[in-house]
Amino acid sequence: MPTGYISIGSNIDRDKHIPASIKALTENFGKLILSSVYESEAVGFSGDAFYNLVAGFESDLDVKEIVVQLRQIELDNGRNRECKKFSSRTLDLDLLLYGDLIIDDGRIQIPRNEIERYAFVLEPLAEIAGHLRHPVSHRRYGEMWDLFDKSNLKQRRIVPVW
């Protein structure tokens, strides 16, 4: 059964939407492996800080069905799908990885390029899957995080109140 990894982020009512997303993901996919929660500055726009984490799960569902379920969880949490890419949001769920699957069909991209671009994705992924290898570059996520440029890092691990 493939293991998938989902990036979870929120900067609107984040103490409400992050726990709600974890509950919904558990209901949809069963037991989750959760990274720590990281607070990070908004990237690409001015806005409130985000909470970010990564959840791992096992499933034999088709990747398209997983993406549909993630979109529904976002909508259930007040996500406006019409908003700009770089904007505040109640909830953002992205399927980062699904086994060794490689897809880039214009609608679904796995592995997500955000893994290599953003600390708020790579650090929590490396925390729970550091031993695994990126299906394209074949580098371990832990190694990728070790080599990541942290000179302007604007995130910190936190212990949420929920």
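Predicted model: local features only at pLDDT ≥ 70, side-chain atom pairs only at ≥ 80, totals over all residues.
Residues are numbered from 1 along each chain as its sequence is written. Local features need pLDDT of at least 70, side-chain atom pairs count only at pLDDT 80 or more, totals for chains, interfaces and linings use all residues, and side-chain values use heavy atoms, without hydrogens and water.

User: Why is Val121 called buried?
Analyst: Buried means under 20% relative accessible area, exposed over 50%, partly exposed in between (1.4 Å probe, protein chains only). Val121 has 2% relative accessibility, so Val121 counts as buried.

User: Which residues does Val121 touch, not counting residues up to four places away in sequence?
Analyst: Ser7, Val54, Leu96, Glu114 and Ile115. Contact means heavy atoms within 4.5 Å.

User: What makes the aromatic pair of Phe45 and Phe50 stacked or edge-to-face?
Analyst: Rings of Phe, Tyr and Trp (its six-membered ring) pair if their centres lie within 6.5 Å; planes under 30 degrees apart count as stacked, over 60 as edge-to-face and the rest as tilted. By this rule there are six aromatic pairs. Phe45 and Phe50 lie 6.2 Å centre to centre, with 85 degrees between the planes: edge-to-face. At 10% relative accessibility, Phe50 is also buried.

User: How do you know how to class the rings of Phe57 and Tyr98?
Analyst: Their centres are 6.3 Å apart and their planes at 25 degrees, so the pair is stacked. Both Phe57 and Tyr98 are buried. Ring pairs join Phe29, Phe57 and Tyr98 in a cluster.

User: What places Arg14 over the face of Tyr51?
Analyst: A charge sits over a ring if NZ of Lys or CZ of Arg is within 6 Å of the ring centre and within 35 degrees of the ring normal. Arg14 lies over the face of Tyr51, 3.8 Å from the ring centre.
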